[in-house]
Amino acid sequence: MDEKNTDLDFDFMPIGQAIKKAREARGITREQLAGIVDRNPRHIQAIENEGKYPSIELFIQLITMFDISVDEYIFPNKEVKKSSVRRRLDARLDILDDRELSVIEATVNGLCKAKEPED
């Protein structure tokens, strides 16, 4: 029982890509983010595009900053109540008025109708 398992076979790439997508959705450049978290832009790029593992402190800072739920990546076979994309979308919808929401509703209805099988 004294042996430690140091073989972490976890692909960080999907979480890195989620961080990148959330950063871009907020209109933050990699350089701006690097300044906010006091890291080199190259380090941020490696996390986002190469699957480099960040420190636990940076990891928590990034997922908190961008409201990313990591359950869907760490437990891919477990049903997640709301994905990161859905949570970000919910937050964006909260700032829209009823007229704007009716446009979104019509779009979603159109997408759902397009997915229905043709008879």
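Reader: How many salt bridges does a search of the whole structure find?
Author: This is a predicted model, where local features need pLDDT of at least 70, side-chain atom pairs count only at pLDDT 80 or more, and totals for chains, interfaces and linings use all residues. Side-chain values use heavy atoms, with hydrogens and water left out, and residues are numbered from 1 along each chain as its sequence is written. A salt bridge here is a side-chain nitrogen of Lys or Arg within 4 Å of a carboxyl oxygen of Asp or Glu. Searching the whole structure, the number of salt bridges found is four.

Reader: Okay, and which residue meets Arg23 in a salt bridge of 2.7 Å?
Author: Arg23 is buried, at 5% relative accessibility (buried is under 20% relative accessible area, exposed over 50%, partly exposed in between, with a 1.4 Å probe and protein chains only). Arg23 sits in helix H1 and the partner in helix H3, so the pair ties together parts 25 residues apart in sequence. That partner is Glu48.

Reader: Lys20 is buried yet has no salt bridge; what is the nearest side chain of opposite charge?
Author: Lys20 lies in helix H1, residues 13-25. Lys and Arg count as positive and Asp and Glu as negative, while His and the chain ends are not counted. The nearest side chain of opposite charge is 4.4 Å away, and it belongs to Glu24.

Reader: So which side chain does Lys20 make a polar contact with?
Author: Leaving aside neighbours within four places in sequence, Lys20 is in contact (heavy atoms within 4.5 Å) with residues including Arg30 and Glu48. A polar contact is a pair of N or O atoms within 3.5 Å; within protein, one must be able to donate a hydrogen and the other to accept it, and residues adjacent in sequence count only if both atoms are side-chain atoms. At 3.1 Å, the polar partner of the Lys20 side chain is Asn49.

Reader: What is the relative accessible area of Asp38, which has a positive phi although it is not a glycine?
Author: Most residues other than glycine have a negative phi. Asp38, though, has a phi of about 55°, and it is found in the loop between helix H2 (30-37) and helix H3 (41-50). Asp38 is exposed, with a relative accessible area of 68%.

Notes:
Helix = DSSP H or I, 4+ residues; strand = E, 2+ residues; numbered from the N terminus.
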